[in-house]
Amino acid sequence: MSDNQGPVWEIFLQKKAGQPFVHCGSLHAFDKEMALQNARDLYTRRGEGISIWAVPSNAIVASSPEDIGSFFEPSNDKVYRHPTFYQIPDAIGHM
Amino acid sequence: MELTQFEDVFEGKLAKNEMVEPKDWMPDNYRKHLIRQISQHAHSEIVGMLPEGNWITRAPSLRAKVVLLAKVQDEGGHGLYLYTAAETLGISRDELLNNLHTGKAKYSSIFNYPTLTWADIGAVGWLVDGAAIMNQVMLQRTSYGPYARAMVRICKEESFHQRQGFEIMTHLSFGTADQKAMAQDALNRWWYPTMMMFGPPDSESPNSENAIKWRIKRETNDQLRQKFVNQTVPQVEYLGLTVPDANLKWNEDKKGYDYSEPNWVEFKSVISGNGPCNKQRLLARNKAHDEGAWVREAAQAFAKKRKEIYEAA
């Protein structure tokens, strides 16, 4: 008897046209067609999305929480990348 | 990093009300506590489909039938959200299901009570889902990210469940004398089992202290139970029904109702397998799983075949 539920897939939903795809959860499925169908049944029962991405979980590469300091460090001291770094004369108003 | 540094980072997150994510370091006992709690929660959703499923074929109208079907389907969905949240902690789906099917894992004691009449479907949606919402609203801010996100999704859907239950109760309570009696009978049988859903009193709850410390729970069993009583009594009064508790009384000092504790001896007995439907529920789950084996096998074989055709082309 098979107990196997198939591999895990990560599901991303696009709520409306033009909006980014957002992770909504995961599920089990044996292949990509079944992953899409399961995602439709599980995550869009109330019109939560108009488009679905299903990605095998093991294809996702993630940064490590332990490296959070060193990994993102290069951008931390570059305040000049932010608009508020620059002085604009009051006479110019909003820019 | 040294272990103490990991602990500091973890404690720091809790102190700042930040969420813990799957790849973050966490104490073993935190992980164990979450696996136990999330899997029990998932099992409760799945087993919870059974008492309501009992009435799908006997729903009194087509409208009632499609509503009940949609609700039971939601419960299945909730179970799946929660299983995948538990799996992020390093336990497999097969292991989780096996723990349920062998009786090793627990599920909410409420689902070991039978749904004898159509009014029970109203009472379950209104009271049982109402109590579940109280707990789940709190859990939307639980400290483990995947659990909290599953809860946000679930809470959005639960509201429909409670409202459809209350609608059934209003139809019966404002119907014929027989219908009203049926509603009262359902309230009589579901009131105390629902009160038990929040768990034992704080003074006797073995897991509460850690759950609060780790911000898994933010309110205690007794606090949630009190909130539930305060919210539900006016609804009972609206229906013209009576809470089966002679000691129920408004207490102006605490701005809440005084109430009788449920029978905790019964609670322990039901939890340990001796409720009216424990055996029936486990048998039904095992039967569904075993009889579904061919579906899993066929899906697997179909995926394999499709892959071979794709690779050959």
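This is a predicted model: local features need pLDDT of at least 70, side-chain atom pairs count only at pLDDT 80 or more; totals for chains, interfaces and linings use all residues.
Colleague: Are H8(B) and H10(B) roughly parallel or antiparallel to each other?
Modeller: H8 covers residues 177-196 of chain B and H10 covers residues 221-239. Their axes come within 13 Å and cross at roughly 175°. Angles over 145 degrees count as roughly antiparallel. The two helices are therefore roughly antiparallel.

Colleague: Staying with chain B, where is Asn17(B) found, and is Asn17(B) buried, partly exposed or exposed?
Modeller: Asn17(B) is not a glycine, yet its phi is positive, at about 65°. Most residues other than glycine have a negative phi. Asn17(B) is found in the loop between helix H1 (3-15) and helix H2 (28-47) of chain B. With a relative accessible area of 46%, Asn17(B) is partly exposed.

Colleague: What is the phi of Lys255(B), and where does Lys255(B) lie?
Modeller: Lys255(B) lies in the loop between strand S1 (249-251) and strand S2 (256-258) of chain B. Lys255(B) is a residue other than glycine with a positive phi, and the value is near 50°.

Colleague: Over to chain A, then. In what order do the elements of chain A run from the N terminus on?
Modeller: Chain A has 2 helices and 3 strands. From the N terminus on, they follow the pattern β-β-α-β-α.

Colleague: In what order do the 3 strands form the open sheet of chain A, and why is one side of S2 and of S3 left without a neighbour?
Modeller: The pairing in this open sheet is antiparallel, and the order is S2-S1-S3. Strand S2 (21-28) and strand S3 (51-56) of chain A stand at the edges with a single partner strand each, so one side of each has no neighbour in the sheet. From one strand to the next, the twist averages 30°.

Colleague: Over how many bridges does S1(A) pair with S3(A) and with S2(A)?
Modeller: Strand S1 (residues 8-14) of chain A pairs with S3(A) in the antiparallel sense over 6 bridges, and Leu13(A) stands opposite Ile52(A) in S3(A). Glu10(A) has Ser26(A) in S2(A) as its bridge partner. The antiparallel pairing of S1(A) with S2(A) runs over 7 bridges.

Colleague: How many residues lie between S1(A) and S2(A) in the hairpin, and what is the phi of Gly18(A)?
Modeller: S1(A) and S2(A) form a hairpin with 6 residues between them. Gly18(A) is in the turn, and its phi is positive, at about 90°.

Colleague: What radius of gyration does chain A have, and what would a compact globule of 95 residues have?
Modeller: The C-alpha atoms of chain A fill a box of roughly 75 × 35 × 15 Å along the principal axes. Of the 95 residues of chain A, 24% count as buried. A compact globule of 95 residues would have a radius of gyration near 12 Å, but chain A has 21 Å.

Colleague: Thanks! Finally, what share of the accessible surface of chain A belongs to carbon and sulfur atoms?
Modeller: The accessible surface of chain A comes to about 6,800 Å². The share belonging to carbon and sulfur atoms is 58%.

Technical notes. Residues are numbered from 1 along each chain as its sequence is written. Chains are lettered from A and ligands numbered from 1 in the order in which they are written. Side-chain values use heavy atoms; hydrogens and water are left out. Two strands pair if DSSP finds at least two bridges between them. Helices (H or I, at least four residues) and strands (E, at least two) are DSSP runs, numbered from the N terminus. Axes are lines fitted to C-alpha atoms, for helices over the stretch in contact, and angles run from 0 to 180 degrees between N-to-C directions. The radius of gyration is taken over C-alpha atoms; the globule rule is 2.2 Å times the number of residues to the power 0.38. Buried means under 20% relative accessible area, exposed over 50%, partly exposed in between (1.4 Å probe, protein chains only). Accessible areas come from the Shrake-Rupley method with a 1.4 Å probe; for residues, only the protein chains shown count as cover. Angles under 35 degrees count as roughly parallel, over 145 as roughly antiparallel, 65 to 115 as roughly perpendicular and the rest as oblique.
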